[in-house]
Amino acid sequence: MSERRAIGFRLNGAPVRVVAEPGKRALDVLREACGLTAAKEGCGTGECGACAVLVDGTAKLSCLMLAAQLEGRDVTTAEGLGTPQAPHPLQAAFAAHGAVQCGYCSPGMTIAAADLLARDPAPDREAVRLGLSGNLCRCTGYVKIVDAVMAAAAVMREEKP
């Protein structure tokens with residue numbers, strides 16, 4: 001039996017401390033110990049992007065990370081991007097452009113898009129497609145998702161979309 005250990009990190013801007021077994025995945029700690037369910041278990045092998053979270057500002061697949069790797073890091077889940085009352089421009093654009101269908105991939109897509117826009121605030125459509133290429137959606141043809149990211153990028157640059 002593995003000895004559980006305390007792991008301290010910032011989660012959506014607030015310090016947290018959780019106790020977890022050494023082999024526990026970050027995804028499971030975020031969902032079970034922290035109660036944040038936006039990051040989803042899609043494939044469990046790092047192929048679909050449904051579990052994406054920002055770790056120190058970079059999109060990471062939480063199904064491939066051990067919880068211990070969160071120690072001392074700054075973690076942002078889709079819940080930490082915005083609120084229902086004040087959604088992040090990406091979340092608002094996904095809703096406005098019909099980029100959310102079943103919604104399963106949406107948290108991972110918005111996390112990947114937030115990472116992309118932090119690195120490239122004015123991407124072209126090809127850059128958006130490339131930036132989202134690690135995220136799978138079975139409901140859409142991706143056009144509305146790309147449209148939403150382009151619109152959010154314009155809003156974030158304070159341009160008219």
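These legends go with views of a predicted model.

**View 1. The fold, element by element.** Here's the protein with its 6 helices and 5 strands. Start at the N terminus and you'll read the elements as β-β-α-β-β-β-α-α-α-α-α. Among contacts between residues at least 6 apart in sequence, 54% join residues at least 24 apart.

**View 2. Overall dimensions of the protein.** The C-alpha trace spans about 55 × 30 × 25 Å along its principal axes. With 161 residues, you'd expect a radius of gyration near 15 Å for a compact globule, and the protein's 16 Å agrees with that.

**View 3. Surface, interior and charge.** Of the 161 residues, 42% count as buried. The accessible surface comes to about 8300 Å², and carbon and sulfur atoms account for 53% of that. As for charge, count 17 positive and 17 negative side chains, with the centres of the two sets 3 Å apart.

**View 4. Arginine 25 and its partner glutamate 41.** Look for arginine 25 in the loop between β2 (14–20) and α1 (26–33). Its side chain meets that of glutamate 41 in a polar contact of 2.4 Å.

**View 5. Who else touches arginine 25?** Leaving aside residues up to four places away in sequence, arginine 25 touches Glu41, Gly44, Ser62, Cys63, Met65, Leu66 and Ala67.

Key
Residues are numbered from 1 along each chain as its sequence is written. This is a predicted model: local features need pLDDT of at least 70, side-chain atom pairs count only at pLDDT 80 or more; totals for chains, interfaces and linings use all residues. Side-chain values use heavy atoms; hydrogens and water are left out. Helices (H or I, at least four residues) and strands (E, at least two) are DSSP runs, numbered from the N terminus. The radius of gyration is taken over C-alpha atoms; the globule rule is 2.2 Å times the number of residues to the power 0.38. Buried means under 20% relative accessible area, exposed over 50%, partly exposed in between (1.4 Å probe, protein chains only). Contact means heavy atoms within 4.5 Å. Accessible areas come from the Shrake-Rupley method with a 1.4 Å probe; for residues, only the protein chains shown count as cover. Lys and Arg count as positive and Asp and Glu as negative; His and the chain ends are not counted. The place of a charge is taken as NZ of Lys, CZ of Arg, CG of Asp or CD of Glu. A polar contact is a pair of N or O atoms within 3.5 Å; within protein, one must be able to donate a hydrogen and the other to accept it, and residues adjacent in sequence count only if both atoms are side-chain atoms.
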